[in-house]
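Here's a quick briefing on how the inside of this protein is put together. Have the structure open while you read.

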Amino acid sequence: MRQFTFASCALYFLTGLTAISIGSVLPQLLTYYKVSYTIGGQLIFIGAMGFLAGVLVSSYLNNRFQPKPLLTFSTLIIAGAQFGILLLPPFPLFMALYFVNSMGSAAIGVVVATMIIEVFIGRQAVAMSYLEVSFGLGAFTMPIMASLFIALNVWRYLFVTTAVLALILAFVWTRITFSKKDVAPSEALDASGQAESGPLQPGQKWKMLGLFALIVFLYGGLEGSLNNFMSSIFMNYLDMVAYYASISIGVFWAAMVIGRAATGLIIRRITYSTYLLINISGALLSLVLFIILKNPLMGYFFVATLGLMMSGIYSITLVYANYSIPHSAHLVTPVISGLSGLGAAIFPAFTGYSIDHAGMTATLWSIVGIAAAYLFFLLVIDQARGGGPRILHKLLKKTRAKLAFSPRRSRFNKS
């Protein structure tokens, strides 16, 4: 199983590289093709639509074929697309290649995540944290390389690294063997059973799946907007030069890696809902302070705290949904992955349009709105499940108590 885990993490490292590759050199690409940020947003939309298509196709194939050939073929698709992107073909063909590349990445994500959910029974969140760390390492490495390649004015050759790595991993996955097994008693388990209600009744399944799909749709939009426009935000909002602005993505993903490494330890001690509540609240606060202070040095600091807070939200949302709707990994995992991809398609397209037509400040506040909406619907899920900290219920109860107490206190003060 060690070989299987390492190879799975290597695939996620590859998807982390490819996910950030376009965003890391987006200003350079837009200049090369002489197009606006609105078109850049449409490019991100096309890529996310490719991701969604990859989720749908791989979900169908994952129920009919073994994982190994699917993963090998998906990796070869990424290799071909990255070599094509390297050539900087006419823009319509460039968009088509990005669409295909995203399909390959989505297939890897769905197939590997489904295997992890089914293999590591009782410690899915811990196992998923390994994958997320690997993805984060890839996403951290890419902008650092991009900054160097941009400074040397050879940024287009950034795509050679991803293409070659994809070819290597395609070969590796022809040699991997694994078997499904329950978690060993000595291995640390998630804290999912602590202070949480049990799995949902069948009648609640579709309602809860819809709520989880909604919050992961919002999270996909939040992360997609930040991933693809982070360097543009630093250039336009904080007046940073291109290669310093690109480093902001590296800072964000370095913090993501640290946070994801810590997630495997934290989730053994607190429940899924508590973890998500703390982290989305911290991300929301970081965004607000980034906008208000508008300082380059503090900007890097709050991008780091933002990365720490957002680090485990997607993986824990995925595991929380599978925990809440048990024995449905082949349904829940593609739905969560697909809606995350859809959010990463729709919201960045609006983000690019908003930068061109409403300005960067208004765009940043709209991103804050996405995070706030996630927080609200997470509280709704908590209330609907009747488990966890039930913070929404407590807040409403305290509010009613204050409203009921306030008139009596006023009358007492007057007497």
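Let's start with Phe4, which is buried, with a relative accessible area of 0%. Keep in mind that this is a predicted model.

**Aromatic pairs**
- The model has 17 aromatic pairs.
- In one of them, the ring centres of Phe4 and Trp173 are 6.4 Å apart and the planes meet at 85 degrees, so this pair counts as edge-to-face.
- That pair ties together distant parts of the chain: Phe4 belongs to helix α1 (residues 2-24), while Trp173 lies in the loop between α7 (158-172) and α8, 169 residues apart.
- Trp173 is buried too, at a relative accessible area of 0%.
- Elsewhere, ring pairs join Tyr32, Tyr33, Phe91, Phe94 and Trp155 into a cluster.

**The nonpolar core**
- The largest nonpolar core counts 121 residues, and Leu222, Phe290 and Met310 have the most contacts inside it.
- Helix α8 (residues 205-237) is the top contributor to this core, giving 16 residues.
- Setting aside neighbours within four places in sequence, Met310 touches Tyr219, Leu222, Glu223, Leu226, Phe252, Met256 and Ala283.

**A buried serine**
- Ser248 sits in helix α9 (residues 242-266) and is buried, with a relative accessible area of 0%.
- Again leaving out neighbours within four places in sequence, Ser248 is in contact with Met230, Ser231, Phe234, Tyr300 and Val303.

**Charges over rings**
- Lys294 puts its charged end over the ring of Tyr237, 4.8 Å from the ring's centre.
- Arg156 has its charged end over the ring of Tyr157, 6.0 Å from the centre.

Terms used. Residues are numbered from 1 along each chain as its sequence is written. This is a predicted model: local features need pLDDT of at least 70, side-chain atom pairs count only at pLDDT 80 or more; totals for chains, interfaces and linings use all residues. Side-chain values use heavy atoms; hydrogens and water are left out. A nonpolar core is a set of buried Ala, Val, Leu, Ile, Met, Phe, Trp, Tyr and Cys residues joined through side-chain atoms within 4.5 Å. Buried means under 20% relative accessible area, exposed over 50%, partly exposed in between (1.4 Å probe, protein chains only). Helices (H or I, at least four residues) and strands (E, at least two) are DSSP runs, numbered from the N terminus. Contact means heavy atoms within 4.5 Å. Rings of Phe, Tyr and Trp (its six-membered ring) pair if their centres lie within 6.5 Å; planes under 30 degrees apart count as stacked, over 60 as edge-to-face and the rest as tilted. A charge sits over a ring if NZ of Lys or CZ of Arg is within 6 Å of the ring centre and within 35 degrees of the ring normal.
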